[in-house]
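Me: Hi! I have a model open and would like to talk through some of its details with you.

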Amino acid sequence: MTNTIRISVRPLVEYVYRSGSIRPGFRSNASMQEGTRIHQRVQKDYTEEDLKEVVLEAEIQHGDLTYVVEGRCDGLIRLEGQLTVDEIKSTAGNLDDLGDGLPVHWAQAIMYAYMYAVQHDEPRMQVQLTYVQTVNSQERRYRRMLEREELEQFAAEVIAGYAPYAEMIAAYEEKRDVTVKELPFPFRKYREGQRKLAGAVYQTIREGKGLMAKAPTGIGKTMSVLFPAVKAIGEGEASRLFYLTARTTTRVAAEEAFARMQAEGLNMHVISLTAKDKICFKEEEACDTGQCGMCEGYYDRINGAVLDMLEHETLMTRPVIEQYARKHRVCPFEFSLDAAYAADAVICDYNYIFDPRISLKRMLEEQKRKTVLLVDEAHNLVDRGRMMFSAELEKAVFLDVKREFKTLGSSVAAAKAITDHAGAIDKYLITLRKNGGEEGKLLQQEAPEELIELLEPFVMVAEQNLVEGGSGNAETDQLLLDAYFTAQNFLRIAKLYDERFVTYAECVRSEVRVKLFCLDPSVLLRQTAKGFRSIIHFSATLSPLGYYRDMLGAEEEDYTLRIASPFQREQLDVRLLPLSIRYKDRQRSRQPIASMLHQLVSEWPRSNLLVFFPSYPYMREVYETYTQLPGEADTVMQEQGMNELEREAFLNAFQPHPERTRLVFAVMGGVFSEGVDLPGDRLNGVVVVGAGLPQIGLENNVLRDYFDRSGRNGFNYAYVFPGMNKVLQAGGRLIRTEEDTGVLVLVDDRFTQEPYRSLLPEEWLDYKRISPSTGNFSAGD
């Protein structure tokens with residue numbers, strides 16, 4: 001068993017003092033920037049002799065384990081000649097509700113005092129809690145004097161409270177490391193290209209660098225990155241990994257990869273995080289801390305729940321988490337987050353690392369330095385990054401708040417202040433609407449400072465009202481909460497605003513929408529990933545690689561890897577119908593496409609054919625044209641807004657050798673065009689209609705102009721590269737294994753032109769050209 005446990009003060013005391021110590025309003029609800037600002041303001045009043053941000057460390061023996069406790073106290077000051085540890089806490093809560101300070105905060109401060117006393121042989125220490133109210137900047141301080149013996153006894157009690165968990169983790173890690181070292185590659189042999197990718201991933205992690213890997217569909221990318229990352233953990237090169245995904249389907253692939261390794265003997269704690277709205281038991285219990293039995297008393301039960309699950313489970317998927325959540329009556333979403341901090345591998349959405357609103361903020365810097373990020377389908381992170389670092393608000397949200405709170409009058413504390421501040425925001429947006437001109441659009445390079453100044457006081461009075469209990473009406477409080485989060489996020493993104501952003505407003509009738517639009521997320525993505533051990537971006541469609549290195553924020557010293565397709569040209573029958581499907585030509589293109597599909601169905605009896613279109617309207621037009629033709633195919637069309645069960649049923653219908661050929665119409669760039677695995681005769685043919693270019697509009701044109709100004713090809717960056725990525729993803733659904741064969745039809749005359757042609761995979765270029773008029777084949781270019 002490992003003899004030494006390293007633990008930071010904050011997670012140590014939060015684990016031991018969770019029960020009953022964290023009250024609503026006093027969890028760290030200030031933003032990171034706001035908390036830093038408050039700390040700096042308090043520390044500004046220190047004298048020249050006082051110290052701030054003091055790094056401390058102490059060893060404590062308990063049982064067979066030595067605990068190395070480390071941390072950094074906010075201040076070490078002298079008050080009336082007495083050496084004092086100052087612990088600063090910011091909160092939106094009412095300071096009158098503090099009592100004499102929260103136990104978890106006292107525990108943190110006392111541990112720092114103990115550590116300093118041991119290091120410097122002090123006979124006694126004074127401890128001070130400094131609370132600062134974020135809304136009105138009110139301060140309140142509490143002090144205690146503790147003798148050396150009291151400090152030592154307190155530290156011993158804290159460690160004793162943590163010991164059962166630490167001992168379980170230490171025994172588990174010893175077993176884990178043995179199983180990792182003995183773990184064989186979980187397949188009979190490496191596929192072509194798979195060993196090369198796995199070796200590159202391991203070496204990159206060892207060197208603490210980044211990797212941008214373009215690896216084709218079918219080589220087994222998921223296992224190729226997970227296996228070496230697991231090996232790196234077992235050999236001490238890293239301590240944990242995050243497998244980041246954009247879709248549920250790729251999350252399932254990662255879970256299956258871990259299940260396969262566990263079948264080969266791996267013992268490792270792996271957890272999958274599911275979005276709150278999907279895993280919440282709201283159908284069974286009201287989702288509100290005042291009503292939900294899973295939330296009430298959560299901190300009294302959570303330690304036991306986490307220990308129970310970690311002792312008995314290794315692969316903690318959604319069903320497992322729900323099972324233990326019900327057993328211990330804890331909120332399944334919060335439970336999964338708490339368990340994630342103890343897991344070696346976390347499978348989750350990009351948001352948990354990159355989104356400033358959602359990310360796992362309790363991860364300490366020393367943990368990050370030992371953590372590897374594996375970014376699956378990394379091409380998706382460009383648009384997702386843009387979205388995560390953008391913010392928008394709508395006039396209607398603040399108008400509704402103003403009207404609702406105006407009717408409350410003096411019956412609710414702060415109602416007038418909320419009404420006034422929401423009204424000021426509404427008035428500002430009305431002015432924008434009047435200045436929007438005939439097109440109703442405004443665009444500027446600068447942040448909207450006047451709006452930001454109006455949002456700041458609104459956030460403060462809204463936060464105070466919500467923390468103090470709200471209005472007493474659930475619908476009214478929900479309106480305020482929605483407006484509060486909207487404003488809070490807008491202010492958070494405004495702090496990131498620089499030359500890579502624009503502000504635009506769109507006015508439609510009485511509505512006004514203002515957006516802080518992140519044009520280039522590369523710098524923010526790079527900054528977010530900076531503290532981690534290593535980041536591996538991988539996808540079959542990182543093409544062109546230079547574009548993705550640029551947009552995903554790769555460092556100059558990061559590695560790039562290209563792996564050739566392992567499949568034979570004979571597996572794929574590629575055809576090209578050089579037809580213009582530009583918007584102005586779409587009416588003329590419907591009949592030739594329908595005729596081509598009719599011919600394809602006759603060639604491929606009892607097969608599954610999947611046709612991708614650039615939009616729902618165009619898909620429906622071709623569908624209607626095709627169904628007027630005589631034929632023996634069963635036609636199915638993707639519907640908008642399909643839920644998870646409907647999507648699952650849609651995919652499950654792809655079964656080998658149907659009675660009649662199934663011709664399935666779907667949308668390129670949608671849920672079925674990437675991350676979907678239909679091997680063998682579950683899919684025999686794919687038709688890709690169009691070059692996938694995004695619709696021409698304000699945002700894409702703003703992107704084009706920005707990249708043109710920065711010396712890059714704006715049209716390629718805004719339209720061509722993202723569009724062609726959709727084409728490659730859609731076509732990549734077809735050949736998934738070394739035994740698969742099928743037909744791929746590309747429909748668009750732009751595929752014969754640059755830069756589109758050079759972005760096609762080499763194995764697609766040996767195509768047969770289909771004559772738009774006769775349907776006959778000729779040799780490819």
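**Cysteines and beyond**

Reply: Let's start at C348, which is buried, with a relative accessible area of 1%; buried means under 20% relative accessible area, exposed over 50% and partly exposed in between, using a 1.4 Å probe and protein chains only. This is a predicted model, where local features need pLDDT of at least 70 and side-chain atom pairs count only at pLDDT 80 or more, while totals for chains, interfaces and linings use all residues. Residues are numbered from 1 along each chain as its sequence is written, and side-chain values use heavy atoms, with hydrogens and water left out.

Me: How many disulfides does the structure hold?
Reply: The count is 0, taking a disulfide as a pair of cysteine sulfur atoms within 2.5 Å. For C348, the nearest cysteine sulfur belongs to C331 and is 17 Å away.

Me: And C518, buried or exposed?
Reply: C518 is buried, at 0% relative accessibility.

Me: OK, on to confidence. What pLDDT does the chain average?
Reply: The average is 90, and 93% of the residues score at least 70. pLDDT is the predictor's confidence in each residue, from 0 to 100.

Me: Where is the pLDDT below 50?
Reply: Residues 19-31 are such a stretch. Beyond near neighbours in sequence, this stretch has 31 contacts in the model, a contact being heavy atoms within 4.5 Å. Where pLDDT is low, the predicted coordinates should not be read in detail.

Me: Switching to helices: how many residues has α24?
Reply: Helix α24 has 12 residues, 698-709. From first C-alpha to last, α24 reaches 17 Å, close to the 16 Å expected at 1.5 Å a residue; that expected span is 1.5 Å times one less than the number of residues. Helices (H or I, at least four residues) and strands (E, at least two) are DSSP runs, numbered from the N terminus.

Me: Which residues of α24 are buried?
Reply: N700, V702, L703, Y706 and F707 are buried. Down the axis of α24, the buried residues fall within an arc of 155 degrees, so they line one face of the helix. The arc is that of the directions from the helix axis to the C-beta atoms.

Me: What covers the buried residues there?
Reply: The cover includes α14 (380-388), β15 (501-508), β16 (511-518) and α25 (714-731).

Me: Nice. How many salt bridges does the structure hold?
Reply: There are 45, each a side-chain nitrogen of Lys or Arg within 4 Å of a carboxyl oxygen of Asp or Glu. One of them joins D420 and K416, with the closest N and O atoms 2.7 Å apart. D420 and K416 are 4 residues apart in helix α16 (residues 415-434), so about one helical turn separates them. K416 is exposed at 59% relative accessibility, whereas D420 is partly exposed at 41%.

Me: What about R575 and D573, buried or exposed?
Reply: Both R575 and D573 are buried.

Me: Last topic, the backbone. Where is there a cis peptide bond?
Reply: One joins S543 and P544, with omega about 0 degrees; P544 lies in the loop between β17 (534-539) and α20. Another runs from E754 to P755, with omega near 5 degrees.

Me: And what phi does R509 have?
Reply: R509 has a positive phi of about 55 degrees although it is not a glycine. R509 sits in the loop between β15 and β16 and is exposed, at 76% relative accessibility.
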